[in-house]
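The sequence and structure are shown first.

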Amino acid sequence: MDKSLTSAPVGALEEAFHAMVARSRDEPPAGLAERLDRLARLRAVVADNEERFRQAISADFGHRSAVETTIAETMLLFSEIRHATKHLKSWMAPQRVATALQFLPARNRLMPQPLGVVGIIAPWNYPLQLTLAPAIGALAAGNRVLIKPSELTPHFAGLLKETVAARFDATELLVTGIEGEIAEAFARLPFDHLVFTGSSRVGRLVAEAAGRNLTPVTLELGGKSPAIIDASADLDEAAERIAYGKLLNAGQTCIAPDYVLAPERSLQAFAEKVRAQMRRMFGTDPSNKDYSSIISDRHYARLEGLVADAAQRGAKILQPAKADDPNWKAHRKFPPTLIVGATDAMAAMQEEIFGPVLPVLGYRDPTDAIAFINHRDRPLALYWFGKDGTARDEVLARTISGGVTINDCLFHFTQINQPMGGVGASGTGAYHGEWGFRTFSKLKPVFYRSKFNRLADLYPPYGGKIARLEKLMRFMS
């Protein structure tokens with residue numbers, strides 16, 4: 001590209017990327033000791049600046065619960081790093097693979113190798129955890145990593161850039177700026193793998209840009225994740241757990257329950273129980289430090305529009321205060337809201353909500369609930385509440401989603417031995433633990449021929465020997 005036509009931020013981005021590529025191609029792959037050192041330094045970035053990160057994230061949100069930042073961001077990262085450090089040696093070892101009988105004596109191995117340079121386009125909703133969790137897998141796999149934080153979290157982005165630069169060489173791990181032109185240019189770089197976490201709309205654009213370079217992508221998107229209340233469910237228990245899952249980070253969670261399907265006869269009672277649990281957990285005072293703010297005025301206005309549209313179309317709205325109440329709006333905190341009797345015609349049922357607004361719909365028969373879900377895009381998460389094992393297994397068998405938690409919300413995400421990822425419109429690929437290591441590695445098949453086998457019988461000139469060998473191979477196949 002002509003440098004005269006390239007802006008300063010984009011020019012610096014391209015130079016940093018090409019420097020990483022050159023090092024990844026010219027130097028031997030990072031060994032165990034070097035990878036462990038990088039993971040230790042990444043942990044130190046978080047541990048030594050934990051309070052600064054909490055304050056920066058809160059500043060970006062207007063207010064972010066310090067407890068939620070600790071539990072949902074820093075502690076999950078520490079767990080991920082500890083797990084990778086403990087198991088990295090075994091992950092890196094070549095894996096034995098069986099050799100077909102007709103090729104014996106010989107052996108097969110699957111050899112993990114770093115891909116090269118991994119790009120991460122990070123979201124704003126959990127800026128620390130969802131930025132560094134894929135970086136842990138990429139570093140464990142021996143890659144070099146380039147990170148583009150969200151423009152909606154400038155305080156956090158600046159701090160991450162500073163703290164990473166203090167402990168990492170720019171060709172190991174680098175955090176870019178958040179300028180608009182960088183966001184546009186980042187996905188066009190020919191990464192060896194690209195990770196994007198965010199909306200389905202932007203995910204399509206990222207995949208399209210990456211596709212021009214045949215860059216493999218991991219997309220963790222969102223969508224409308226349902227919660228099903230079975231007739232056998234304990235309504236009080238389900239209401240408490242759904243209220244927590246919905247209101248964590250004020251609903252700004254990609255795997256939050258987006259809507260609830262409940263038996264028609266229990267619909268009103270269940271909605272009142274969720275409302276009571278929301279009030280018990282967070283009260284009605286917008287200055288409550290446990291309740292987080294909405295990330296921006298634009299997103300606040302979007303949520304107001306969803307609720308107003310539902311009310312206009314006949315839904316019953318349950319909330320402790322109107323969203324335009326000055327006491328709530330001044331804190332940019334959106335009142336916990338239930339939309340009871342939501343319908344497909346409402347905007348809240350046509351797009352991901354990503355806020356503390358929960359539509360509750362009724363169903364007559366469990367098959368109706370399954371059909372309702374299956375006629376929509378595959379969700380990133382699904383939640384089922386009940387005691388009837390047969391009904392549970394029917395839902396598990398007949399629905400497809402990125403992940404499932406039974407009788408709770410969110411916690412499949414925290415299982416480090418399970419992959420995290422979407423399906424269809426909710427994403428592609430997966431990471432976490434060894435799944436992340438494998439995502440960011442090339443698992444290269446290697447066949448070691450033995451000098452004692454008879455593969456030379458396949459070479460011309462063909463004659464009686466090839467007929468005998470063909471007969472043997474057919475027998476063994």
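## Surroundings of E220

Leaving aside neighbours within four places in sequence, E220 is in contact (heavy atoms within 4.5 Å) with L130, F196, T197, G198, C254, L380, F413, M420, S426 and Y431. E220 lies in strand β7, residues 217-220, where strands are DSSP runs of E of at least two residues and helices runs of H or I of at least four, numbered from the N terminus. E220 is buried, at a relative accessible area of 2%; buried means under 20% with a 1.4 Å probe, protein chains only.

## Basis of the model

This is a predicted model, in which local features need pLDDT of at least 70 and side-chain atom pairs count only at pLDDT 80 or more, while totals for chains, interfaces and linings use all residues. Residues are numbered from 1 along each chain as its sequence is written, and side-chain values use heavy atoms, with hydrogens and water left out.

## Annotated site

An unreviewed UniProt entry lists E220 and C254 under "active site"; such annotations may be inferred rather than shown by experiment. The two span 35 residues in sequence, yet no two of their C-alpha atoms are more than 8.6 Å apart, so they gather at one spot.

C254 occupies the loop between α9 (235-247) and β9 (259-263) and is buried at 10% relative accessibility. Residues up to four places away in sequence not counted, C254 touches N125, E220, L221, G222, S225, E352, F354 and L380.

## Helix pair

Helix α2 (residues 32-47) passes α6 in a right-handed crossing, in which the near helix is turned clockwise from the far one by less than a right angle. The contact involves R41, A44 and V45 of α2 and T163, V164 and R167 of α6.

How values were computed:
Buried < 20%, exposed > 50% of the residue type's maximum accessible area, 1.4 Å probe, protein only.
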